[in-house]
Amino acid sequence: MEDKITRREFLKKCADCGLVLGAVPFVGGLGAVENILNGVTGATGLSNKEASYYKRLSGGSVKCTLCPNYCVLKPGQRGTCRVRDNTNGKLYTRVYGYTARVRGDAMEKGPFFHFLPGTSSVALGTVGCNLQCLYCQNWQFTQIKPEDLKPPPQYLPPASLVSQAKKYGRPTITFTYSEPVVAIEYVLETARLAKQQGIKTLVKTGAYINPEPMKAICKAVDAVNIDFKGYSDSFYRDVCGGKLDPVLEAIKTAHEHAPWLELTAMTVPGKNDSASQFRQQCQWIMKNLGPDVPLHVSRFFPAYRLRNLQATPIDKLRELRKIAYQEGLHYV
Ligand code: SF4
C-alpha cells in the first residue's frame with residue numbers, strides 16, 4: 001500500500017487516544033440518513049445501462065469478463081449474479097443507480113475500525129451477488145433478481161447519492177450489504193462524483209473479481225474491506241460457490257492499489273473455523289500483505305441455508321484472534 005508510514009502513525013495515534021475497537025462514542029445520529037431518499041426517488045425498477053467488462057461473441061452471445069464466473073450468455077440470458085444480462089447481443093447491468101437498501105451505519109459496523117473512526121456513513125447495497133454463500137446474511141436481496149425485490153429497487157443515481165450524502169453531512173458512502181462488484185459501474189461513477197465533493201467512497205466486497213476491474217475499483221475508491229472467507233478452496237467451492245485463488249489475487253491487487261485495505265474473516269462453525277486453517281490464513285496475510293492490514297474476526301449468525309448451525313461461540317472468536325496475534329498481525 002502507498003501509505004504504510006502514515007497508516008502506522010495513524011493507528012498509533014488512534015490507539016494512544018483510545019479510538020480503536022469502537023472505544024469512542026458514536027458521533028452523529030443515524031436518523032437523518034434514513035431520510036436520504038427523500039426528494040430524490042419515487043422511481044423504482046431496473047436500469048438499462050450497458051455494462052463494462054464484456055466481449056461480444058458470435059451468434060449474439062456475450063462473455064462477461066468482470067468476475068471469474070466468466071458467464072457466456074445467449075440473448076435473453078442472465079448471469080449467475082442475476083443482475084447482468086444479454087439483450088440483443090449487448091451486456092446490460094440492471095442495478096446501475098438502483099438500491100435494495102440504504103441506511104446510515106456507524107463506520108465500525110462496516111467493519112472499518114481504522115478508517116474515520118466514530119463517523120457514520122451512507123451505506124447502501126443493490127440487488128445481486130456473484131457468489132452464493134450458504135450463510136449469506138442478506139440473502140433476501142443478494143440471491144434474487146432485481147425484479148423480484150419487494151418493494152422494488154429504489155432509484156438513487158450517483159449524483160443524487162452524492163448530493164444527499166453532502167446534504168446530511170456524511171463524510172463517506174459505503175457500498176456494502178450485497179456485492180459491489182456486480183454494480184461496478186454504479187460504484188465507479190459514484191466514487192468519481194464523490195471525490196469532487198470531498199466525500200470518500202468505500203466498498204465491502206467478497207473480491208470475487210478479475211484483476212483489471214479490481215484495479216479500477218481500488219484506484220477509484222478510498223478504502224476497501226475484503227471478506228477473506230477462508231483459506232480453503234473447498235470452502236469457497238462448497239459453501240460460497242467460488243474459488244479461492246481469484247480472491248487471493250484480488251486481495252494482493254487491493255494491497256497494491258487501494259489507498260486503504262482491511263480484511264474480514266467471518267467464522268462459520270465447522271466450516272472455516274479450524275485453528276490450523278485460520279493459522280494458515282494469517283500466515284498468508286503476513287507473507288503477502290505484512291502485519292499492518294487490520295483483520296476483523298467476525299461472528300456468524302444462523303442465516304439462509306445454514307440456519308441449522310449455532311452462532312459462532314465468543315470463545316472461538318477469542319481463540320482465533322489470539323492465533324492472529326501469535327502469527328504477527330498487529331491489528332486484529
Ligand atoms: S459479474 Fe455476473 S454476469 Fe459477469 S461473470 Fe460474474 S456472475 Fe457472470
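**Questions on a predicted model**

User: Does arginine 82 count as buried or exposed?
Analyst: A residue is buried if 20 or more other C-beta atoms lie within 10 Å of its own, exposed if 12 or fewer, and partly exposed in between, with C-beta atoms placed from the backbone. Arginine 82 has 21 C-beta neighbours inside 10 Å, so this residue counts as buried.

User: In this predicted model, what pLDDT do side-chain atom pairs need to count?
Analyst: Residues are numbered from 1 along each chain as its sequence is written. The model is predicted: totals for chains, interfaces and linings use all residues, local features need pLDDT of at least 70, and side-chain atom pairs count only at pLDDT 80 or more.

User: How many helices and strands does the protein chain have?
Analyst: Both are DSSP runs, numbered from the N terminus: helices are H or I over at least four residues, and strands are E over at least two. Of the 332 residues of the chain, 45% count as buried. The secondary structure comes to 10 helices and 15 strands.

User: In which loop is arginine 82 placed?
Analyst: Most residues other than glycine have a negative phi. Arginine 82 is not a glycine, yet its phi is positive, near 75°. Its place is in the loop between β4 and β5 (84-87).

User: Where does tyrosine 177 lie?
Analyst: Tyrosine 177 also has a positive phi, about 70°, without being a glycine. Because 22 C-beta neighbours are inside 10 Å of tyrosine 177, the residue counts as buried. It lies in the loop between β11 and α5.

User: Which strands stand at the edges of the open sheet of 7 strands?
Analyst: Two strands pair if DSSP finds at least two bridges between them. The sheet has mixed pairing and the order β8-β9-β11-β12-β13-β14-β15. Two of its strands have a single partner each, so one side of each is left without a neighbour in the sheet; these are β8 (101-106) and β15 (295-299).

User: Which residue of β11 is the bridge partner of leucine 124?
Analyst: Strand β9 (residues 120-125) runs parallel to β11 and is joined to it by 4 bridges. The partner of leucine 124 is phenylalanine 175.

User: Which residue of β12 stands opposite isoleucine 173?
Analyst: β11 and β12 run parallel, joined by 4 bridges. In β11, Thr172 and Thr174 point one way and Ile173 and Phe175 the other way, and all are buried. Opposite isoleucine 173 stands threonine 201.

User: Which residue of β13 does valine 203 stand opposite?
Analyst: Strands β12 (residues 200-205) and β13 (residues 223-227) pair in the parallel sense over 4 bridges. Valine 203 faces valine 224.

User: What angle does the direction of helix α5 make with that of β12?
Analyst: Axes are lines fitted to C-alpha atoms, for helices over the stretch in contact, and angles run from 0 to 180 degrees between N-to-C directions. Contact between two residues means that their C-beta atoms, placed from the backbone, lie within 7 Å. Helix α5 (residues 184-196) packs on the sheet and touches β11 (172-175) and β12. Its direction and that of β12 make about 155°.

User: What is the pairing in the open sheet of 3 strands?
Analyst: Strand β3 (residues 62-64) and β4 are joined over 2 bridges, with lysine 63 opposite valine 72. The edge strands, β2 (54-56) and β4 (72-73), each pair on one side only. The order is β2-β3-β4, and the pairing is antiparallel.

User: How do the residues of the shell around the ligand divide?
Analyst: A residue is near a molecule if its C-beta atom, placed from the backbone, lies within 6 Å of it. The residues around the ligand include Cys64, Cys67, Cys71, Cys81, Arg84 and Asn130. Ala, Val, Leu, Ile, Met, Phe, Trp, Tyr, Cys and Pro count as nonpolar, Asp, Glu, Lys and Arg as charged, and the others, Gly among them, as polar. The shell divides into 7 nonpolar, 4 polar and 1 charged.

User: In which loop is proline 111 found?
Analyst: Most peptide bonds are trans. The bond from glycine 110 to proline 111 is cis, with omega near 0°. Proline 111 is in the loop between β8 and β9.
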